[in-house]
Amino acid sequence: MWVLSPARLLSRRTCPLPSRTTVPVTLPRPQTLHHLLPPPLSREFSPCLSTSTAYNPRGPVAVRYFSHSRFQSSIIPANTEATMGSLGPYQRKHKVTVVGSGNWGCAIAKIVAENAASNPAIFEEKVEMWVFEEKVEIAKTSRHYDPSSPLCQGPQNLTDVINQTHENIKYLPGITLPSNLHANPSLVDAVKDSTILVFNLPHQFIIKTCEQIKGKILPYARGISCIKGVDVNEEGIHLFSETIGKILGIYCGALSGANIASEVALEKWSESSIAYDPPHMDSKAPSPNRSPSASTENLVQFEHKDVSGQLSRVKLQALPSDYPPVDHAVLKSLFHRPYFHIRVVSDVAGVSLGGALKNVVALAAGWVDGMGWGDNAKAAIMRVGLLEMVKFGEKFFGATINTRTFTEESAGVADLITSCSGGRNFRCAKLSVERKQPIEKVEETELNGQKLQGTLTAVEVNNFLKKQGLEEEFPLLTAVYRVLEGSMSVEDIPSYIERKPESISYVETGRVTSSGTSQAVLSARL
């Protein structure tokens, strides 16, 4: 049998189980207490396996741990969780809250709730999900319709419907949500005492939402942003993970990948990327003397670097040692499912930009597809789009970005392909051409109250590029904006994005062929 360690994301290796019950340990134990935790994920999953129950191995499990760039192999007995009592060295479990409940918000909340129930040594079973309250009616065609039920007597609160039917009938119809997922109409109550906050809502609402909970969350909470977009203001361009962190005074990573929400909710296999650079003091600081929600007294503060490579203005509060560290392994245990495979990396800038800019490129792909120009034209859009995404990252986040993220991770080229083939931005752009309607009109009729992220991101990115005097350096991003504002037609896109001779720089390198001769290699870049 083959098993997979929580650190597979770092080693990409599966480890065959030996027939004996022990394995030689060749490296010293890490200074942290990771090795005392039961493995949250302990085998290679198959997409076709059932997801309704937690995996319980019958034999010892080989696990490889990662800490401070060192690997260690160890064996954990199958009954470790039972014999440990609850948390072993950790007295507290992580409480998780998902902020947002659209189709992608509910799909992620479903995954998180399933994993919280499957990892009782690390997470509290109950997962809160903040829902913007609105009235909905259960249709007579719904599987939940019962004329004698109070829920079917006219408009009802969406949270009541979700909690009683375990389905978001408006934004994710037909998908059963876990019973341990609780829909909460109170934002402040939903985030209270949560150590892990997952933000998943349209990016135009994130700043206002964060302002409402500022000072009302645990000072040492950690966040994951699933938000697709960039924050442009008078100070420049920022990632929403860092905007969240600055407003709330916490560290926040990012999740993005080739993920159509409806397919993920239907448990069709996909991959995604989490970017998280664990704060170095987490789970090493002593716990505060008072209750976790009462005060910031006795908390250790420390500095960290942001994606610019400079020290952040946010002084982080260390996660107390009572909690399991929020590291790559714990995040994988929270988000990885048999049908939703997660790789965790440290490149927050690359993962975030991939998720934001691909939506702008998808609009252009939808337009050319709507014109009937075929797959060749769509491939050309994706090629130029990928080049501009990489160039944007290098130019404005060059201190920390890893450009390989765009080609090696789900958050890069894979997400671009998916978004330019079947995402909502692509679909609405295509329909706007076919129907000869403004894309805003298509958005109203097709998205059931949800919003396109590509259109707003295109405007914000162009505002930034215009101030920098760099519109011509990003012709596709600029063309999308101009089509949206009406100063350019879709027919103009091919000639506008064509690389001009003066815009191509050639770098000559020497390569020795198998025959021993020297060959000049020219590489062109926008």
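Residue M129 sits in strand β6, and in this predicted model M129 is buried, with a relative accessible area of 0%. Leaving aside neighbours within four places in sequence, M129 is in contact with V98, G100, S101, C106, A109, I162, L181, H182, A183 and N184. One of these contacts, H182, lies 53 residues away along the chain, yet the C-alpha atoms of M129 and H182 are separated by 5.9 Å.

## The chain as a whole

The chain has 526 residues, of which 55% are buried, and its secondary structure comes to 18 helices and 20 strands. Among contacts in the chain with a separation of 6 or more, 70% are made by residues 24 or more positions apart.

## The eight-stranded sheet

Strand β6 belongs to an open sheet of eight strands with mixed pairing, in the order β9-β6-β5-β10-β11-β14-β15-β18. The edges are taken by β9 and β18 (residues 340-345), and because each of them has a single partner strand, one side of each is left without a neighbour in the sheet. From one strand to the next, the twist averages 25 degrees.

Strands β10 and β11 run parallel and are joined by four bridges, with V198 standing opposite I224 in β11. Strands β14 (residues 251-256) and β15 (residues 270-275), by contrast, pair in the antiparallel sense over three bridges, and here L255 stands opposite I274 in β15.

Which residues of β11 point one way, and which the other? R222 and I224 point one way from β11, whereas G223 and S225 point the other way, and all of them are buried. In a regular strand the side chains alternate between the two faces of the sheet.

## Helices against the sheet

Helix α9 (residues 328-335) lies across β5, β10, β11, β14, β15 and β18, and runs at about 160 degrees to β18. Helix α6 (residues 206-213) has I206, T209, C210 and I213 as its buried residues. Seen down the axis of α6, these buried residues fall within an arc of 95 degrees, so they line one face of the helix. An α-helix has 3.6 residues a turn, so residues three or four places apart point the same way. The cover over the buried residues of α6 includes β5, β6 (residues 127-130), α5, β10 and α7 (residues 240-248), and β6 is also the strand that holds M129. Just after α6, G215 takes a positive phi of about 80 degrees.

## Loop residues around the sheet

The loop between α4 (residues 158-165) and β9 (residues 181-184) contains N180, and H166 is placed in the loop between α4 and β9 as well. N180 counts as buried because its relative accessibility is 11%, under the 20% that sets the limit for a buried residue. Not counting residues up to four places away in sequence, N180 touches A113, A116, A117, E125, K126 and V127. With one of these residues there is a polar approach, in which a polar atom of the side chain of N180 lies 2.9 Å from the backbone oxygen of A113.

K192 is found in the loop between α5 (residues 187-191) and β10 (residues 196-199). The C-alpha atoms of K192 and T97 are 8.8 Å apart in space, although the two residues are 95 apart in sequence.

Most residues other than glycine have a negative phi, and most peptide bonds are trans. Against that background, H166 has a positive phi near 55 degrees without being a glycine, and K436, which is not a glycine either, has a positive phi of about 55 degrees. K436 lies in the loop between α14 (residues 424-435) and α15 (residues 439-446).

| Residue | Relative accessibility | Class |
|---|---|---|
| N180 | 11% | buried |
| H166 | 25% | partly exposed |
| K192 | 44% | partly exposed |
| K436 | 74% | exposed |

Note on methods:
Residues numbered from 1 in each chain as written. Heavy atoms only, no water. Helix = DSSP H or I, 4+ residues; strand = E, 2+ residues; numbered from the N terminus. Buried < 20%, exposed > 50% of the residue type's maximum accessible area, 1.4 Å probe, protein only. Contact = heavy atoms within 4.5 Å. Polar contact = N/O pair within 3.5 Å; in protein donor to acceptor, adjacent residues only side chain to side chain. Pairing = 2+ DSSP bridges. Axes fitted to C-alpha atoms, helices over the stretch in contact; angles between N-to-C directions. Arc of directions from axis to C-beta.
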